[in-house]
Amino acid sequence: MSLTADPPACTVPAAGGTSTHKLVNAGAEKMIFKIKSSNNNEYRISPVFGFVDPSGSKDITITRTAGAPKEDKLVIHFAVAPPEATDAQAAFSAITPAGTVTIPMSATA
């Protein structure tokens with residue numbers, strides 16, 4: 001049971017930009033995730049909560065607003081989704097994450 005990110009790292013211009021990544025679930029169980037950022041002032045993530053179907057993937061978009069060049073990271077917490085869950089944000093608060101995926105983010109000048 002795990003999720004992977006493709007591509008595994010994010011590089012965007014410090015002046016602002018977007019990067020799209022796929023969360024890939026190679027397992028046989030539906031996964032639930034929550035994404036946390038080390039820099040909520042300059043990054044916007046969509047979606048923050050979600051599900052990834054078995055043998056499926058989910059696109060996430062990382063958007064950076066203008067700011068000084070620096071290194072940050074996203075941490076994606078995940079677990080097997082409760083079978084009855086339809087609202088990822090509500091369901092995530094009731095589970096214990098089983099693992100994490102880290103996406104290093106680099107804003108370059």
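A search of the whole structure finds three salt bridges, a salt bridge being a side-chain nitrogen of Lys or Arg within 4 Å of a carboxyl oxygen of Asp or Glu. The model is a predicted one, in which local features need pLDDT of at least 70 and side-chain atom pairs count only at pLDDT 80 or more, while totals for chains, interfaces and linings use all residues. Residues are numbered from 1 along each chain as its sequence is written, and side-chain values use heavy atoms, with hydrogens and water left out.

**First stop: the salt bridges**

Select lysine 22 and aspartate 59, whose side chains form a salt bridge with an N to O distance of 2.8 Å. Lysine 22 belongs to strand S3 (residues 17-25) and aspartate 59 to strand S7 (residues 56-64), so the pair ties together parts that are 37 residues apart in sequence. Strands here are DSSP runs (E, at least two residues), as are helices (H or I, at least four), numbered from the N terminus. Lysine 22 is partly exposed at a relative accessible area of 35%, and aspartate 59 is partly exposed at 42%. For these classes, buried means under 20% relative accessible area, exposed over 50%, and partly exposed in between (1.4 Å probe, protein chains only).

Next, select arginine 64 and glutamate 42, a salt bridge in which the closest N and O atoms are 2.8 Å apart. This pair links distant parts of the chain, 22 residues apart: arginine 64 lies in strand S7, and glutamate 42 in the loop between strand S4 (31-37) and strand S5 (43-46). Are these two residues buried or exposed? Arginine 64 is buried, with a relative accessible area of 2%, and glutamate 42 also counts as buried, at 17%.

Then select lysine 70 and aspartate 72, which meet through their side chains in a salt bridge of 3.4 Å, N to O. Lysine 70 is partly exposed at 38% relative accessible area, whereas aspartate 72 counts as buried at 9%.

**Second stop: the antiparallel sheet**

Display strands S1, S3, S7 and S5, which form an open sheet in that order with antiparallel pairing. Two strands pair if DSSP finds at least two bridges between them. Strand S1 (3-6) and S5 stand at the edges with a single partner strand each, so one side of each is left without a neighbour in the sheet. Neighbouring strands of this sheet are turned by 25° against each other on average, direction ignored.

Serine 19 has isoleucine 62 in S7 as its bridge partner.

Zoom in on S2 and strand S9 (residues 99-108), which run parallel and are joined by four bridges. Here valine 12 stands opposite alanine 107 in S9.

**Final stop: the annotated span**

Select residues 2-109, where UniProt, in an unreviewed entry, places the feature "domain: MSP". UniProt positions are given in the numbering used here, feature names are shortened, and annotations may be inferred rather than shown by experiment. The span is 5% helix and 56% strand, and its end C-alpha atoms lie 34 Å apart.

Technical notes
Axes are lines fitted to C-alpha atoms, for helices over the stretch in contact, and angles run from 0 to 180 degrees between N-to-C directions.
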